[in-house]
Amino acid sequence: MKVFVTGGAGFIGSAVIRYLISDTDYEVVNIDKLTYAGNLESLKCVAGSSRYCFEKVDICDRAALDELFKKHAPQAVMHLAAESHVDRSIDGPADFVQTNIVGTYNLLEATRYYWQGLPEASKAAFRFHHISTDEVYGDLEGTHDLFHEKTPYAPSSPYSASKASADHLVRAWQRTFGLPTLITNCSNNYGPYHFPEKLIPLMILNALDRKALPIYGAGNQVRDWLFVEDHARALHKVLAEGQVGTTYNIGGHNEKTNLDVVHKLCELLDELCPRAEGGTYGELITHVKDRPGHDVRYAIDASKIQRELGWVPVESFETGLRKTVEWYLNNQEWCRRVQDGSYQRERLGIKE
Ligand code: NAD
């Protein structure tokens with residue numbers, strides 16, 4: 001099995017590639033443009049594998065994609081390349097429209113062109129797996145409601161609107177052209193190699209630097225947290241066994257407010273890396289003005305993937321968060337190189 005993974009240098013894409021190389025016999029072609037969020041240093045442990053290769057390509061470049069299909073002849077595409085940070089989508093939505101919508105369209109067309117030329121048996125076995133977010137469903141009002149696969153789309157931010165558009169395109173390419181697609185919509189991920197603009201790594205690294213821990217508003221936004229390695233396992237399950245043309249929601253059964261998450265992180269840091277100068281990390285928490293359009297609650301009903309494919313998360317929030325904090329404490333060099341920008345400078349050939 002040879003699979004294209006787009007966005008494989010990102011947080012989830014790199015977890016998927018590490019999993020596919022270590023736990024399966026798949027060959028993986030990592031297709032990534034290397035934006036600020038792409039970090040090949042997250043793939044050091046697989047870079048030497050004969051089953052892994054990297055292609056620096058923008059998914060908006062149709063000619064380059066056609067070349068890649070010709071060169072590698074994959075049996076599946078796992079599409080994770082995206083602009084993924086909500087705050088950035090508010091500051092500048094253009095890149096989100098370009099990569100998440102136009103890029104997905106390009107990738108679908110390049111895939112369709114290649115797929116149409118395959119022999120019938122290979123055509124039937126081919127899969128295009130689009131990796132999406134629960135944010136396409138918008139906000140949950142009731143405290144007991146859950147997003148299920150038929151929940152109507154109601155995205156709130158430019159990021160979630162662009163992902164919703166991509167989901168619609170993928171569905172249309174299945175209905176109209178018969179491309180064998182799968183869609184997964186997942187809740188908030190956390191874990192090792194997470195770029196420190198997102199809540200959990202930002203709070204860990206700020207705390208270690210004794211900087212303020214900024215919480216939007218009262219911090220009562222509820223998210224359903226999933227350990228990234230559980231997500232990678234779920235994606236492989238869906239790719240290998242999922243029913244074509246359908247959607248699977250993936251979630252961690254871990255609903256927490258942002259404030260709870262940050263308090264829990266501070267407690268773990270107090271235990272694992274106590275402040276030499278005294279005091280607790282919780283003292284660094286500060287509340288800042290909330291961002292516009294901030295959804296209050298997301299929560300996933302992940303019973304379909306459990307029922308049909310037998311997937312359940314291995315990590316609880318407690319075990320996953322402890323592993324995450326330990327990883328950041330033990331991988332300060334990876335963090336330093338992201339924080340000072342050297343992970344990007346070197347690959348651009350710029351001397352320190
Ligand atoms: P990320 O921002 O960490 O990584 C995105 C990767 O895509 C980067 O390596 C970047 O270089 C690459 N990329 C961006 N534009 C590209 C382009 N035009 N061509 C080729 N590569 C490009 O994102 P992530 O957190 O790993 O998320 C991966 C996918 O999973 C996204 O589609 C996201 O919407 C989805 N998702 C994320 C979460 C989450 O909590 N992080 C939850 C559910 C779904």
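How many bridges join strand E4 to E5, and in which sense do the two strands run? Four bridges join strand E4 (residues 76–79) to E5, and the two strands run parallel. This is a predicted model, in which local features need pLDDT of at least 70 and side-chain atom pairs count only at pLDDT 80 or more, while totals for chains, interfaces and linings use all residues. Residues are numbered from 1 along each chain as its sequence is written, and side-chain values use heavy atoms, with hydrogens and water left out.

**Ligand surroundings**

- The ligand is surrounded by 28 residues, a residue being counted if one of its heavy atoms lies within 4 Å of the molecule; the closest are Ile-12, Asp-32, Ser-84, Tyr-159 and Lys-163.
- By residue class, the shell around the ligand divides into 13 nonpolar, eleven polar and four charged residues, where Ala, Val, Leu, Ile, Met, Phe, Trp, Tyr, Cys and Pro count as nonpolar, Asp, Glu, Lys and Arg as charged, and the others, Gly among them, as polar.
- A polar backbone atom of Gly-10 is 3.0 Å from an oxygen atom of the ligand, and a backbone N or O atom of Phe-11 also lies 3.0 Å from a ligand oxygen atom.
- In the side chain of Ser-84, an N or O atom is 2.7 Å from an oxygen atom of the ligand.
- Of the 840 Å² of accessible area that the ligand has on its own, the protein covers 96%, with areas taken from the Shrake-Rupley method with a 1.4 Å probe.
- Two or more residues of the shell come from each of helix H1 (11–23), strand E5 (127–133), helix H6 (158–177) and strand E7 (188–190), these elements being DSSP runs numbered from the N terminus (helices H or I, at least four residues; strands E, at least two).

**Strand E5**

- The largest share of the shell around the ligand, three residues, comes from E5.
- Seven of the seven residues of E5 are buried, so the strand is largely enclosed by the rest of the structure; buried means under 20% relative accessible area (1.4 Å probe, protein chains only).
- In a regular strand the side chains alternate between the two faces of the sheet.
- On one side of E5 the buried residues are Arg-127, His-129, Ile-131 and Thr-133, and on the other they are Phe-128, His-130 and Ser-132.
- Ala-76 has Arg-127 of E5 as its bridge partner.
- E5 also pairs with strand E6 (residues 181–186) in the parallel sense over six bridges, pairing being assigned if DSSP finds at least two bridges between two strands, and Thr-133 stands opposite Cys-186 in E6.
- A right-handed β-α-β unit is made by E5, H6 and E6; right-handed here means that, with the strands pointing away from the viewer, the path from the first strand over the helix to the second runs clockwise.

**Strand E1**

- Five of the five residues of strand E1 (residues 2–6) are buried, so this strand is largely enclosed by the rest of the structure.
- Both faces of E1 are covered, with Lys-2, Phe-4 and Thr-6 buried on one side and Val-3 and Val-5 buried on the other.
- E1 pairs in the parallel sense with strand E2 (residues 27–32) over five bridges, and Thr-6 stands opposite Ile-31 in E2.
- E1 and E4 likewise pair in the parallel sense, over four bridges, with Val-5 standing opposite Met-78 in E4.
- E1, H1 and E2 make a right-handed β-α-β unit.

Notes:
Polar contact = N/O pair within 3.5 Å; in protein donor to acceptor, adjacent residues only side chain to side chain. Buried < 20%, exposed > 50% of the residue type's maximum accessible area, 1.4 Å probe, protein only.
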